[in-house]
Amino acid sequence: MSLTALLVDGLTVRFGSFRALDDLSLAIDYGEVRAIIGPNGAGKTTLLDVISGITRPKQGRVLFDGAIDLTGLSEAAIARAGLRRKFQKPSVFEGLSVRQHIAIGADVGFRARLDAPALEDRIGEVLETVGLVDHSNRLAGELSHGQKQWLEIGMVLASDPKVLMLDEPVAGLTDEETERTAALVRALKRPDRAIVVVEHDMDFVERIADRVTVLHEGRTLFEGSMAHVRADAAVVEVYLGR
Amino acid sequence: MNRFGLITHTAPIVHLITLIVLAALLMAGLAGTEFALSRYLANAIGQLAAFAVLAISLDLIWGYLGILSLGHGLFFALGGYLMAMYLLKHSFEITGTVPDFLQFMGWKEFPFYWDGFEFFPYALAAAVVMTTLISGLFGYVSFRSRVGGVYFAIITQALVYVAMLLMFRNDTGFGGNNGMTGFTVLFGWPMGTSGMITALAVASLLVLAGVLAGCNGLVKSRFGALMLATRDDETRLRTMGYETLRLKLIVWCLSALIAMLAGMLYVPQVGIINPRVLSPELSLEIAVWVAIGGRGHLVGAVIGALLVNAVKFWLSFAAPEIWPFILSGLIVLVVLVFPNGLMDLAKFKLVRPMGPKRLASDMGEARP
Amino acid sequence: MNLTRLTAVLAGLLAALLLAPSARAQALDRAGLIANLCGNASAMGEAASVLTGLAMSGDAADRAFAVPLARAVIDRKLACDDAGAVLTENGLDAVTRQPRAAAGEPLTPVLSLKNRATYEQVDAALALRAAPEASQRAAALKTLERRPALIPEGLLEAAAAAEPDAGLKGEIETLAQTAALTAADPAARIRALARIADNPSRRALTQVSALTADPAYAASPEFRAAVDDATVRIGRGIAVGDVLATAYNGLSFASILFMAAIGLAIIFGLMGVINLAQGELIMIGAYVTWLVQQGLRVVAPSLLDWYLVLAIPVAFFVTAAIGIALEASLLRHLYKRPLMSLLATWAVSLFLMNLVRVVFGTQNLQFETPFYVTGGVPVIGDFIFTWNRMFAILFAVVTLALTWGLVRRTPFGLNIRAVTQNRDMAACIGIPTRRVDMMAFGLGSGLAGLAGLALSPIYSVNPQMGQNFIIDAFMVVVLGGVGTIAGTVVAALGIGQINVLIEPLWGAVAAKVIVLLMIIAFLQWRPEGLFAVKGRRK
């Protein structure tokens with residue numbers, strides 16, 4: 001296992017004449033929580049789209065674990081390699097129960113591979129972590145917005161990912177829910193796991209992130225700790241404001 | 001409740017399967033007695049059962065996978081035509097009846113591709129292989145390029161339309177616009193007798209019960225949960241490591257095979273097949289049965305098919321010209337007032353069209 | 001052209017014999033003509049040449065005067081007396097055409113054997129030029145056909161030019177060529193060959209290539225060279241004509257496809273709804289056009305010819321109103337459920353089709369053919385630049401221009417584009433998206449009505465007609481991409497041309513199969529259609 005979980009190298013993505021990502025390079029290490037911030041249209045979500053295989057870049061590559069180039073793989077293959085993602089808009093399966101979500105997340109395949117007790121244990125464990133034990137048999141469509149966010153986190157968590165990507169995990173949550181989410185993200189931090197968080201809530205970012213990357217117009221504007229970010233004149237200019 | 005935590009509605013579907021099997025047994029038992037059903041009624045029940053099987057095949061992909069096919073008549077016709085080929089060849093072998101289409105075309109003998117169709121296992125195998133090939137190929141190219149939603153629906157509609165134009169041609173060796181008819185023998189037994197009619201109806205009911213049980217098992221399994229997940233958010237499922245292309249392809253081919261089976265049951269009971277089963281209208285009507293019965297409920301699909309077709313059978317005698325008006329009225333009613341069809345009615349759940357809360361089963365239809 | 005014809009006329013042996021110079025230049029001496037008819041064999045021969053001259057070039061009134069004369073002589077229904085002659089068929093004076101009885105003991109002129117054949121020919125020639133009924137003219141042509149060598153050179157060309165019936169006109173032209181090619185004089189035949197090669201057609205090719213079996217082909221090197229040259233020129237002309245005809249037919253089919261698809265594409269782009277009732281709106285457009293025609297027949301018969309133009313606003317607004325009603329009552333509730341909207345619009349399609357069937361019956365409607373969509377100009381080979389197809393093409397071009405202008409240059413168009421691209425954002429900046437939906441649905445439906453109007457001069461109009469266009473229109477929308485006018489145009493042109501290219505080779509069904517397979521293959525390459533806008537997942 002290399003130290004670098006994700007190496008983004010010279011990534012360019014174009015939508016028509018618009019450059020969503022412009023020769024972007026960055027490295028994310030195992031064991032860190034990396035926040036990616038920036039104004040709307042900076043390319044944050046597009047970066048996650050490329051990493052998770054939804055968008056094909058025009059140029060560049062994304063090396064996972066120092067060896068696997070993700071840009072040629074299917075979404076499913078990338079996910080099976082150990083990279084999971086929570087989407088910006090809560091994406092859950094409205095017709096399935098909470099338990100089913102965790103079961104699908106924990107065990108990939110058209111048939112179950114884990115035996116029944118092991119799966120039950122895993123489901124219980126994950127539900128405990130995201131605090132949805134009491135809702136395990138409810139349909140996802142009936143959950144509140146915050147519960148959906150946690151369900152989605154639980155779903156991606158269930159597979160024990162090496163890279164966990166969270167796209168705006170606290171958007172639309174109450175302060176208390178944000179608090180709980182921050183605690184959850186910190187708890188998920190492990191030496192063999194990289195966590196990438198895209199978020200606009202600066203207080204939340206400050207609480208969870210080890211390092212922060214500021215994107216602007218598809219390029220890296222700044223990289224460093226949150227304290228340094230707040231001090232950087234360019235970042236203040238384009239994003240944070242005075 | 002099973003171990004995936006699905007809240008299962010075991011009762012209605014078990015009841016329905018039991019009811020169908022009982023009806024089949026009763027029909028078989030009463031055959032030849034004074035309590036036997038009239039030939040017309042027995043035949044109608046058999047045809048309705050075939051339509052119910054067809055409805056299940058569409059519900060499987062529309063209700064559970066969110067893929068609407070407006071061309072399922074293609075697979076129904078495929079089964080029907082290959083069954084008709086078997087019947088004609090078999091009748092010719094046994095009784096020497098020369099099929100009408102040979103006479104129409106002035107041909108001396110069957111074209112070479114009819115070889116072997118006098119053996120039922122061969123005809124069945126040919127139907128399975130061809131249905132799998134056609135549905136597999138079409139499904140693969142469509143799902144691979146992620147064609148879905150309305151696009152997929154209208155391309156399947158174009159597919160069935162083109163197939164209809166093709167079969168209307170008289171030089172294809174499949175009967176052209178007259179189709180194929182004049183079946184006299186099935187498995188060595190003469191057709192058209194009361195016994196044969198009852199036997200076909202009973203067989204159709206049993207196949208319906210079997211298909212219903214099989215599909216129920218499938219949708220209640222882990223695989224079924226994955227089908228629903230694909231319907232609700234395919235990209236989400238893909239980014240969790242599942243090859244949804246394979247899943248969709250499997251279900252799509254399975255659905256096509258069930259539709260084919262319905263066609264094979266249908267043809268010996270109506271005694272004719274012609275290109276009109278390939279008309280876009282029939283394929284749209286299948287979707288209407290399912291919508292009226294309730295998408296995503298196997299019981300609903302069966303009841304929808306039975307009800308709509310029973311009304312249609314009845315009206316085709318009473319007042320054939322008002323049927324299209326009733327059908328269009330039913331569709332509008334279902335679409336506006338009962339989005340889940342009779343399933344809403346069963347729960348007395350009247351939904352205001354502009355109601356703020358969307359139903360879970362509407363989710364499969366993301367905007368394109 | 002006229003010069004060669006004149007030269008031919010002057011040089012022609014038969015023409016020189018039959019064409020009395022007096023008959024062409026001066027006003028007709030009616031009494032003198034009748035006197036000659038009552039005269040001896042040579043006077044009757046002179047009268048025959050005067051009549052022939054009338055058939056070829058006299059004025060219409062004189063020709064009408066002459067029409068019954070030859071027949072009367074043949075049938076011995078001409079009673080000559082001192083005052084001139086009476087047509088005994090209807091008791092009219094032969095000169096003045098006033099009723100009178102023959103005076104004294106009238107004589108009936110008897111034709112000599114030689115003159116009889118001439119008079120049969122003259123009668124036929126006059127009938128061909130001046131008979132009111134096409135069937136009479138066709139019978140006259142049959143008579144002339146029996147002795148092609150006796151037909152005056154130039155008569156058939158003149159008759160063909162004036163013939164209104166297209167089928168008969170073709171027959172006359174064929175006979176004209178046959179007559180010229182079978183002439184006795186080799187020089188005349190070579191001239192005829194050159195003339196035929198000027199107007200290449202398949203018929204001409206058959207005639208000319210048949211001459212290779214003629215004895216003169218082997219005997220005369222000049223004749224052989226003329227035949228070979230004509231064959232090559234005609235062949236080339238036919239090839240050019242075929243290419244042009246294919247392109248022209250493709251263009252007109254593409255125009256209809258475009259008209260049928262543009263409304264569908266706008267609605268699909270805006271709301272993600274495929275309107276399965278679009279075909280029925282086309283049908284209703286055609287029915288409204290028919291109703292306008294019937295209305296004009298009663299109210300203003302003099303304007304009848306202009307019904308296609310007058311129906312434009314009516315067809316547009318009626319179908320637009322139906323579309324708006326449809327949107328407001330039904331589709332409005334289904335925008336989040338596009339698959340259900342397919343079924344709902346199908347229900348509407350079923351309803352409209354059966355309603356029209358109940359009200360109007362299932363038979364094809366009869367349309368007047370206004371002069372501006374009648375006939376066409378033969379260009380080269382078998383390619384005829386027909387006005388009805390041109391009407392459809394022009395109509396589509398104008399519709400395209402107006403639609404483009406509306407979408408690109410008006411505030412309403414700006415709203416449509418805004419809502420198409422991002423509905424939520426458009427709503428946020430205060431665009432009344434529901435209203436835009438409704439108006440756009442009306443626009444799309446109105447365009448379908450116009451499509452129905454445009455195709456009514458070309459295709460048969462009945463309650464099922466919508467079904468013939470809807471699937472092709474789907475294909476245009478799928479190929480063109482969501483809601484782009486440019487995509488719709490390119491896709492319509494492509495599908496239209498491919499259809500007409502394949503059709504002559506393998507038939508209409510094969511054309512449809514191949515187009516569908518090509519579209520499915522194309523979607524492998526560009527799943528969003530030709531002109532889709534790319535963006536990230538929302």
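Biologist: How many residue pairs are in polar contact across the interface of chain B and chain C?

Modeller: This is a predicted model, and both residues of a pair must reach pLDDT 80 or more. The chains bury about 4600 Å² between them, with 75% of it on carbon and sulfur atoms. Salt bridges across this interface number zero. For polar contact, the rule finds one residue pair.

Biologist: How many nonpolar residues has the side of chain B that touches chain C?

Modeller: Chain B brings 51 residues to the contact, and chain C brings 48. By class, the chain B side has ten charged and seven polar residues. Its nonpolar residues number 34.

Biologist: Turn to chain A and chain B. How many salt bridges are counted between them?

Modeller: The contact takes 38 residues from chain A and 30 residues from chain B. One salt bridge joins Arg146(B) to Glu75(A), with the closest N and O atoms 3.0 Å apart. That distance is within the 4 Å cut-off. The count between the two chains is four.

Biologist: Which helix of chain A gives the most to the side that touches chain B?

Modeller: The rule finds twelve residue pairs in polar contact across this interface. Elements of chain A that each supply at least two residues to its side include helix 2 (75–80), strand 6 (83–86) and helix 3 (98–106). The top contribution is six residues, from helix 3 of chain A.

Biologist: Now chain C by itself. What is its radius of gyration?

Modeller: Chain C has 24 helices and five strands. Its C-alpha atoms fill a box of roughly 100 × 60 × 35 Å along the principal axes. The globule rule gives 24 Å for 538 residues, and the chain is well over that, so it is more spread out than a compact globule. The radius of gyration is 32 Å.

Notes:
Residues are numbered from 1 along each chain as its sequence is written. Chains are lettered from A and ligands numbered from 1 in the order in which they are written. This is a predicted model: local features need pLDDT of at least 70, side-chain atom pairs count only at pLDDT 80 or more; totals for chains, interfaces and linings use all residues. Side-chain values use heavy atoms; hydrogens and water are left out. Contact means heavy atoms within 4.5 Å. Buried area is the accessible area (1.4 Å probe) that two parts lose on being put together, summed over both. A salt bridge is a side-chain nitrogen of Lys or Arg within 4 Å of a carboxyl oxygen of Asp or Glu. A polar contact is a pair of N or O atoms within 3.5 Å; within protein, one must be able to donate a hydrogen and the other to accept it, and residues adjacent in sequence count only if both atoms are side-chain atoms. Ala, Val, Leu, Ile, Met, Phe, Trp, Tyr, Cys and Pro count as nonpolar, Asp, Glu, Lys and Arg as charged, and the others, Gly among them, as polar. Helices (H or I, at least four residues) and strands (E, at least two) are DSSP runs, numbered from the N terminus. The radius of gyration is taken over C-alpha atoms; the globule rule is 2.2 Å times the number of residues to the power 0.38.
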